[in-house]
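Visitor: I'm new to this one and don't want the whole tour at once. Could you pick a single part and show me closely how it ties in with what surrounds it?

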Amino acid sequence: MTRDDIKDLILEIIKDIDEDADFETLQADQPLRDQLDLDSMDFLDIVMELRKRHKLQIPEGDYPQLASLSSCVNYLEPLLKNV
Amino acid sequence: MPLSLDKAADHYDVIVIGSGLGGLTTAKRLAYCGHKVLLLEFHHQLGGLATWFKRKGHIFDISLHGFPYGMVKTCKKYWTKEITESIVQLKNIVFDNPQFSLKTTFDRLDFTNLLTQKFKISQAIIDSFFATVAGMNFYDDQTMTTRELFEKFFPGRSDVHRLLMEPITYANGSTLDDPAITYGIVFSNFMNKGVFTFEGGTDRLIEMMTYDLEKNGVTICTRAKVERIIVEKGKVRGVEVNGRVISAPAVVSNSGITNTIFDLAPRDAFSDEFLAKADAIRVNNSSCQVYIGLKQECEIEDKGDLLFTSTAPVFDSSELLDMHTRSKTFSVYYPKTRPGHDRYTIVASMNSHYDNWNSLTPAAYETEKQALIDRTLVDLNRYFPGVNDKIDWLEAATPKTFNRYTLHTRGTSFGTKFEGLAVSRSLFKEVAGLFHVGSVGIIMSGWLGAINYGVIVANDVDAYIRSA
């Protein structure tokens, strides 16, 4: 997956969680939580979807790496390079 | 429709023991993730403490008293659109005690108005209090108690403490001496938008959940009592249920955490260190309830949906737990609560200690139960004068009743105190493949807490099964 593919994947998962999520003004390097009204349960949903769709196991200690869209892409890029 | 146990297969990916809202949600999430799930319930009805019973044309809800708005998002994400659309607000929350009487929508805006105008607290203090409780996380410092939190913001104001604490004591069994975070997290959830209920009642919710579970391929068996969890060489192998062994690499117990460790799993499966932590778990208090049904042709005026009443001069956590407490809530179910059903029912709830009731002789138990009903009627007549003539069903439940139907240690209706959460969360690190979901730590209780915890645990189980 390219960085753009990963970005689209994350946004698609967030859209499933909250169909009203507005990505127009989303700043990639700012926390998703503040911009999209996501709570800790929503981040758990993202982790579960990544496991379901791509068999990715993300340890609890790595959850903070999913904070912003940029950090998600940075973290997932090596894990999804062969997908 | 749930099946009888002889219809179950011999092997599953995961077995869920118990069908409280946590167990139901874990089962649903794991089936959604593609696993083959067996759900076992000892009772003939699903729901755990989210339950109901029918008498003489009445349907009595046991634990449908009001939950936070967060249920909307949670049900939308983890259950169905139909379930979400049945969540409606309870707008009339009443407080009546010797210190104050008021009606509120129980949200931040209304509470701010009440605190400034009626209780004369400054806006700055209120804002600071709300900001403090809203910022609380379960992993935060636990040394501050709720009593200390209240004294910090509203020193000496026992009336304000009562307004803030009384509903939460009924919601999660916490006291002024529990960690402030167990108060703040739950209080903030309610203050978000107020108190909500499920239109159509608990029976309709559980029916909708059952349908959804079956649609997702979960095998559900009722009257199936798990006798033991089988552990071999540090790993879960399955369960023995009604004398039959069913194997699975993962077992999720929605039985109480203390029941799971001390009654279901073999003791030698745990380290001494872990058992010491489990031994130290304090289960929360139980409840007493009085169920009141009105005759078919009788109506009562709308005096509010949820009434927090007390004749005790000041709020005191131990007074609320006294066997003869003068404090109780009335949940009033008008016909609007159950469209198509024209009956009025009222459920009075009190917090209570199991030991006080369990130590009575059979004769004394019956006498105390009748006295409980009599006291409740005296209190109820203050709000609905002459209601006695309209009643055609009266029945009481005590902590012993809660114990009989849920099997929970000492009939706890709010799970465990705070330390239970860490033990529940670390169970699968102690015995591979064994998980717990259910009311623990005060914060993971109530309908919303139980469902969300079900999702959290399903994530752990899914990760475990996929890595095995």
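Guide: Domain bounds here come from an automatic or database domain assignment. For chain B, that assignment gives domain 1 (5-48 + 203-282 + 409-467), domain 2 (54-89 + 285-406) and domain 3 (107-190). Before we go on, some housekeeping: residues are numbered from 1 along each chain as its sequence is written, while chains are lettered from A and ligands numbered from 1 in the order in which they are written. This is a predicted model, where local features need pLDDT of at least 70, side-chain atom pairs count only at pLDDT 80 or more, and totals for chains, interfaces and linings use all residues.

The model scores ipTM 0.90 and pTM 0.95.

Let's look closely at helix H17 of chain B, residues 446-467. The helices I'll mention are DSSP runs of H or I with at least four residues, the strands are E runs of at least two, and both are numbered from the N terminus.

Start inside chain B. The C-alpha centres of domain 1 and domain 2 of chain B are 28 Å apart. Where these two domains of chain B meet, each gives 21 residues to the contact; two residues are in contact if their C-beta atoms, placed from the backbone, lie within 7 Å. On the domain 1 side, helix H1 (21-32), helix H9 (201-215) and H17 of chain B each supply at least two residues. H17(B) gives the most to that side, with six residues. By class, the domain 1 side has eight nonpolar, eight polar and five charged residues. Ala, Val, Leu, Ile, Met, Phe, Trp, Tyr, Cys and Pro count as nonpolar, Asp, Glu, Lys and Arg as charged, and the others, Gly among them, as polar.

Next comes the interior. A residue is buried if 20 or more other C-beta atoms lie within 10 Å of its own, exposed if 12 or fewer, and partly exposed in between, with C-beta atoms placed from the backbone. A nonpolar core is then a set of buried Ala, Val, Leu, Ile, Met, Phe, Trp, Tyr and Cys residues joined through C-beta atoms within 7 Å. The largest such core has 131 residues, and B:Val14, B:Ile15, B:Val37, B:Leu40, B:Val251 and B:Val252 touch the most other members. H17(B) gives the most to this core, with nine residues. Leaving aside neighbours within four places in sequence, the contacts of B:Val252 include B:Val457 and B:Val461, along with B:Val14, B:Phe435 and B:Val437. In chain B as a whole, 50% of the 468 residues are buried.

The contact between the chains takes 10 residues from chain B and 10 residues from chain A. H17 of chain B gives the most to its chain's side, with eight residues. That side of chain B divides into four nonpolar, three polar and three charged residues.

And the partner? Chain A comes to four helices and zero strands, running α-α-α-α from the N terminus on. The C-alpha trace of chain A spans about 30 × 25 × 20 Å along its principal axes, while the C-alpha atoms of chain B fill a box of roughly 60 × 50 × 50 Å. Of the 83 residues of chain A, 16% count as buried. A second, separate core of seven residues includes A:Ile6, A:Leu69, A:Cys72 and A:Val73.

Two loop spots in chain A are worth a glance too. Most residues other than glycine have a negative phi. A:Asp37, though not a glycine, has a positive phi of about 60°; its place is the loop between helix H2 (32-36) and H3 of chain A, and it counts as partly exposed because it has 13 C-beta neighbours inside 10 Å. A:Lys55 also has a positive phi, near 55°. A:Lys55 lies in the loop between H3 and H4 of chain A, and is exposed, with 10 other C-beta atoms within 10 Å.
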